[in-house]
Amino acid sequence: LFRKHGDTHKRLILFASIAVYIPVAFRTAALLGDRKYASIVYLLLILTIAFWEMRTHRKISLTTGLCTFSLIAMVILTFVLANNPSFTLFVYELFEVRIKE
């Protein structure tokens, strides 16, 4: 849809690549022992893009603002839902996962 708008397309591709990185970052952090460090690094990566754009262009584009907001909201929502027992039970039932007792 935005291929003819070069700046917007590049920003969308950049943020889509970062969004794909989320599961990798959290699985790697889980293997290392603590997921909070992955979320901190991930949030810093997202915010660095917005700060860089603000510094170089003296403003943040609508695309960068919306993508930054949505990725940060996704990280926060992931933590809220992951720590909610009723949501965990819903996911287990949705994917028919058997809980070992």
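This is a predicted model: local features need pLDDT of at least 70, side-chain atom pairs count only at pLDDT 80 or more; totals for chains, interfaces and linings use all residues.

User: Fine. Which residues touch the most other members in the largest nonpolar core?
Analyst: Phe15, Ile18, Ala38, Tyr42, Ile46 and Leu71 do. The core has 13 residues.

User: Which elements give two or more residues to this core?
Analyst: Three helices do: α1 (6-32), α2 (36-57) and α3 (62-82). The largest share is from α1, with 6 residues.

User: Switching to charges. How many salt bridges does the structure hold?
Analyst: It holds 1. Arginine 11 pairs with glutamate 53, and their closest N and O atoms are 2.9 Å apart.

User: Where do the two partners sit?
Analyst: Arginine 11 is in helix α1 and glutamate 53 is in helix α2. They are 42 residues apart, so the pair links distant parts of the chain.

User: Are they buried or exposed?
Analyst: Both arginine 11 and glutamate 53 are buried. Arginine 11 has 17% relative accessibility, and buried means under 20%, so it counts as buried.

User: What else does arginine 11 touch?
Analyst: Besides Glu53, arginine 11 touches His57, Ser61, Thr63 and Thr64. That leaves out residues up to four places away in sequence.

User: Ser61 is on that list. Where does serine 61 lie?
Analyst: Serine 61 lies in the loop between α2 and α3. At 18% relative accessibility, it counts as buried.

User: And what are its contacts?
Analyst: Leaving aside neighbours within four places in sequence, serine 61 is in contact with Arg11 and Glu53. Those two residues are the salt-bridge partners. The serine 61 side chain also makes a polar contact with the side chain of threonine 64, at 3.1 Å.

User: What is its phi?
Analyst: Arginine 58 has a positive phi of about 65°, although it is not a glycine.

User: Why flag that?
Analyst: Most residues other than glycine have a negative phi.

User: OK, on to α3. What span should its 21 residues have?
Analyst: At 1.5 Å a residue, α3 should span 30 Å. Its end C-alpha atoms are 30 Å apart, so the two values agree.

User: Which residues in α3 are buried?
Analyst: Thr63, Thr64, Cys67, Thr68, Leu71 and Val75 are buried in α3. They cover an arc of only 130° around the axis, so they are on the same side of α3.

User: Which exposed residues are on the face turned away from that side?
Analyst: That face of α3 carries Leu62, Leu66, Phe69, Ile76 and Val80.

User: Now some single residues. Is alanine 29 buried or exposed?
Analyst: Alanine 29 counts as buried, because its relative accessibility is 8%. It is found in helix α1.

User: How far is alanine 29 from threonine 64?
Analyst: Their C-alpha atoms are separated by 26 Å. Along the chain, alanine 29 and threonine 64 are 35 residues apart.

User: And leucine 32, buried or exposed?
Analyst: Leucine 32 is exposed, with a relative accessible area of 74%. It lies in helix α1. Leucine 32 and threonine 88 are 56 residues apart in sequence and 23 Å apart in space, C-alpha to C-alpha.

User: Last one. Where is methionine 54?
Analyst: Methionine 54 is in helix α2. At 41% relative accessibility, it counts as partly exposed.

User: Which residues does methionine 54 touch?
Analyst: Not counting residues up to four places away in sequence, methionine 54 touches Lys59 and Ile60. Methionine 54 and threonine 64 are 10 residues apart in sequence, and their C-alpha atoms are 10 Å apart.

Terms used: Residues are numbered from 1 along each chain as its sequence is written. Side-chain values use heavy atoms; hydrogens and water are left out. A nonpolar core is a set of buried Ala, Val, Leu, Ile, Met, Phe, Trp, Tyr and Cys residues joined through side-chain atoms within 4.5 Å. Buried means under 20% relative accessible area, exposed over 50%, partly exposed in between (1.4 Å probe, protein chains only). Helices (H or I, at least four residues) and strands (E, at least two) are DSSP runs, numbered from the N terminus. A salt bridge is a side-chain nitrogen of Lys or Arg within 4 Å of a carboxyl oxygen of Asp or Glu. A polar contact is a pair of N or O atoms within 3.5 Å; within protein, one must be able to donate a hydrogen and the other to accept it, and residues adjacent in sequence count only if both atoms are side-chain atoms. Contact means heavy atoms within 4.5 Å. The expected span of a helix is 1.5 Å times one less than its number of residues. The arc is that of the directions from the helix axis to the C-beta atoms.
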